[in-house]
Amino acid sequence: MGCQMNERDSETVAGILHCLGYQPAQTPAEADFIALNTCAVRAKPEHKVFSKLGELRRIKQERPQTIIAVLGCVAQVAAQEIARRAPYVDIIIGPRNYAQLAQAIKTVQRTSAPNDPVIVTDSHKTIPEALPVRRTTPVSAFVNVTYGCNNFCTYCVVPYARGREQSRPVQEIVAEVEQAVAEGYKEVTLLGQNVNSYGSGAGQGCPSPTVMSQEEGYGFADLLAEVSRVEELERIRFTTSHPKDISVSLLAAIAGLPNVCEHLHLPIQAGDDEVLARMGRGYTYEQYRHLVEAARERIPGLSITTDVMVGFPGETEEQFHNTLRAFEEIRFDQAFMFKYSDRPGTRAAEMPDKVPEAVKQARLEQLVALQNETARQINQKLVGKSFEVLVAGADAKSPGKVRGRTRTNRLVIFPGQERLIGKLVQVQTQEAYLWGFLGEIAAQS
Ligand code: SAH
Ligand code: SF4
C-alpha cells in the first residue's frame with residue numbers, strides 16, 4: 001500500500017525473504033509468510049489495513065503456522081492498536097527497521113505456541129545499507145536518496161512514521177544506480193520526502209554512516225550531476241520536491257543534464273496563504289507561482305504535477321476558491337487531489353473548525369472537474385507531436401499494443417511488439433485522453 005517509498009521497501013523485504021529461502025506464493029492462502037506493507041498518510045488506507053487483517057484472520061485460523069507481519073507506517077504509529085485488534089499478527093516492524101526482519105522471523109519460528117507479537121519500531125537512527133533487494137518495478141528502478149522528514153507539516157504523519165530526515169551517502173546511491181543499470185534498468189527514480197533538502201538532514205541526531213557532514217554545501221543538484229554520469233542510464237526521475245527548498249542550481253541541473261527528465265512533482269497543497277501558513281508549508285502562493293514561472297522559463301517542455309488537499313481545518317469557501325484559482329492560473333499537467341483527513345498526533349488534528357465530509361467531497365469534485373478539463377486541454381495541444389517513450393510492457397487491454405511513458409511522464413499506448421519492452425522509441429501522438437495518448441511509432445532511437 002501507499003507511496004513509491006513503500007514499494008521500494010517491499011523490494012527490500014522481498015530480498016530479505018529470498019535470502020531466507022522463501023519463494024513467492026501464488027495466493028495468500030498458500031503462503032508461509034504474509035506481510036502487509038502499510039500506509040498511514042490518510043485515514044482511508046489505514047482503515048484498509050484493519051479490514052485486510054480481518055481477512056488474514058481466517059488464513060491464520062486454517063494454517064496457524066503462517067507468519068503474519070505488518071510493516072510500514074501504520075506498524076510504526078499504531079503498533080499497540082494492531083497487537084490489540086489483531087492478536088494473531090506475529091511481527092510488527094516500522095519502516096526504518098527492516099534490517100531486523102530476518103531476526104524477527106527466526107524468533108517467531110522458534111516459538112511455536114501463540115505469543116505476543118515481535119514489535120520493532122524503535123530505531124530511527126541509522127540507515128541500513130547493503131540490505132538485499134528483489135526489484136519488481138518494470139521500468140524505473142526506485143532508489144532512496146533520503147529517509148524520513150523534518151518538515152512536520154501540520155497535517156502530516158510522515159515525520160512520526162518515518163522518523164527524522166537522513167541523507168544516504170552519495171557513493172551508496174551511485175552504487176545502487178549502477179547496480180540497477182547492470183540489471184537492465186534504463187531509468188531510475190530517486191526517492192525522498194523532500195529530495196531538495198538532500199544533504200541537509202545529516203548531523204541532526206544521526207551518526208554515521210552518512211557522509212554529508214564532510215561535504216558541506218553538497219546538495220541535490222550535485223547528486224543529480226553525479227548520478228547522471230552513470231553510463232547507459234537514459235533517464236533520471238525524482239520525487240518529491242518541496243517548493244521551499246528548490247534551488248536555482250536544481251533548475252539548472254534539470255535543464256542542463258540530458259538524462260534528467262523534464263518533470264517536477266511539486267506539491268502545492270493549497271492555493272491560499274492562510275491555509276498554507278496553517279499547514280506549515282513555508283511558502284506563499286505567490287512564491288510558489290514565481291517558482292513555477294522560473295522553472296518553466298528555464299526548462300523547455302517541463303511538466304509540472306502536484307499534490308493538493310481540500311477541506312483542511314478551517315478552510316473557508318473563499319480559501320477553497322483561492323485553490324481553484326491557483327489551479328486555473330498554473331494549469332498543472334496532472335494532480336493528485338485528496339480530502340484532508342485527521343492523523344492522530346499531528347497538530348492539524350487538534351485544530352478547530354473541521355470541514356464537514358459532504359463539503360470536502362463537493363470541493364474535491366469541483367477541483368477534480370477543473371483539473372480534468374485542464375489536463376484534457378493540455379494533452380489535446382500535444383497531439384501530432386513526437387515523444388521519446390520508454391516502453392514498460394504490453395497493454396493488457398489491447399492486444400498488439402504496448403505502453404510506456406514520455407520523459408514528462410505521460411502515458412502513451414501504441415501498436416508494437418513485446419520486443420520493444422525496455423526500449424526507447426519515438427512515438428507520434430494521435431489521440432489525446434485524460435489518461436494520456438494513443439500513438440504510432442515515428443522512428444526508433
Ligand atoms: N513529502 C511529500 C508528501 C508526502 S505525503 C510533500 O511534502 O509533498 C503525500 C501526499 O498526501 C501529500 O502531498 C498530501 O497532499 C497528502 N496528505 C498528507 N497528509 C494528509 C492528510 N492528513 N490528509 C489528506 N491528505 C494528506
Ligand atoms: Fe509530510 Fe510535509 Fe514532510 Fe511532505 S514535507 S512528508 S507533507 S511533513
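Domain bounds here come from an automatic or database domain assignment. On that basis, the protein chain of this predicted model is divided into domain 1 (4–120), domain 2 (137–261) and domain 3 (386–441). The C-alpha centres of domain 1 and domain 3 are 37 Å apart.

**Sheet β1-β2-β3-β4**

- Four strands make up an open sheet in the order β1-β2-β3-β4, and their pairing is parallel.
- At the edges stand β1 (33–38) and β4 (118–120), each of which pairs on one side only.
- From one strand to the next, the twist averages 10°.
- β1 runs parallel to strand β2 (residues 67–71), and five bridges join the two.
- Within this pairing, asparagine 37 is placed opposite leucine 71 in β2.

**Sheet β10-β11-β12**

- A further open sheet is formed by three strands in the order β10-β11-β12, with parallel pairing.
- Its edge strands are β10 (263–265) and β12 (334–339), and each of them pairs on one side only.
- The twist in this sheet averages 10° from one strand to the next.
- Three bridges connect β10 with strand β11 (residues 303–310) in the parallel sense.
- Histidine 265 has threonine 305 in β11 as its bridge partner.
- As a general principle, strands of a sheet pair through backbone hydrogen bonds, in either a parallel or an antiparallel arrangement.

- Strand β5 (residues 140–144) is mostly covered, with five of its five residues buried.
- In a regular strand, side chains alternate between the two faces of the sheet.
- β5 pairs in the parallel sense with strand β8 (residues 187–191) over five bridges.
- Serine 140 is positioned opposite glutamate 187 in β8.

**Surroundings of ligand 2**

- The residues around ligand 2 are Cys149, Asn151, Phe152, Cys153, Tyr155, Cys156, Val158, Pro159, Gln193, His242 and Arg281.
- By class, this shell comprises seven nonpolar, three polar and one charged residues.
- Phenylalanine 152, one of the residues surrounding ligand 2, belongs to the loop between β6 (146–147) and α6 (158–162).
- Phenylalanine 152 counts as partly exposed because its relative accessibility is 25%, which falls between the limits of 20% for buried and 50% for exposed.

**Backbone features**

- Most residues other than glycine have a negative phi, and most peptide bonds are trans.
- Phenylalanine 152 has a positive phi of about 50°, although it is not a glycine.
- Glutamate 232, likewise not a glycine, has a positive phi of about 65°.
- Glutamate 232 is located in the loop between α8 and β9 and is exposed, its relative accessible area being 66%.
- Threonine 239 and threonine 240 are joined by a cis peptide bond, with omega at about 5°.
- Threonine 240 is part of the loop between β9 (235–239) and α9 (248–256).

**Buried residues in helices**

- Serine 228 is in helix α8 (residues 220–228).
- With a relative accessible area of 15%, serine 228 is buried, since the cut-off for burial is under 20%.
- Beyond its neighbours within four places in sequence, serine 228 is in contact with Ile236, Leu257 and Asn259.
- Leucine 291 is situated in helix α11 (residues 285–298) and is buried, with a relative accessible area of 15%.
- When residues up to four places away in sequence are not counted, leucine 291 touches Pro243, Ile246 and Leu266.
- Leucine 291 and alanine 326 are separated by 35 residues in sequence and by 13 Å in space, C-alpha to C-alpha.

Key
Residues numbered from 1 in each chain as written. Chains lettered and ligands numbered in written order. Predicted model: local features only at pLDDT ≥ 70, side-chain atom pairs only at ≥ 80, totals over all residues. Heavy atoms only, no water. Near = heavy atom within 4 Å. Nonpolar A, V, L, I, M, F, W, Y, C, P; charged D, E, K, R; others polar. Pairing = 2+ DSSP bridges. Axes fitted to C-alpha atoms, helices over the stretch in contact; angles between N-to-C directions. Buried < 20%, exposed > 50% of the residue type's maximum accessible area, 1.4 Å probe, protein only. Contact = heavy atoms within 4.5 Å.
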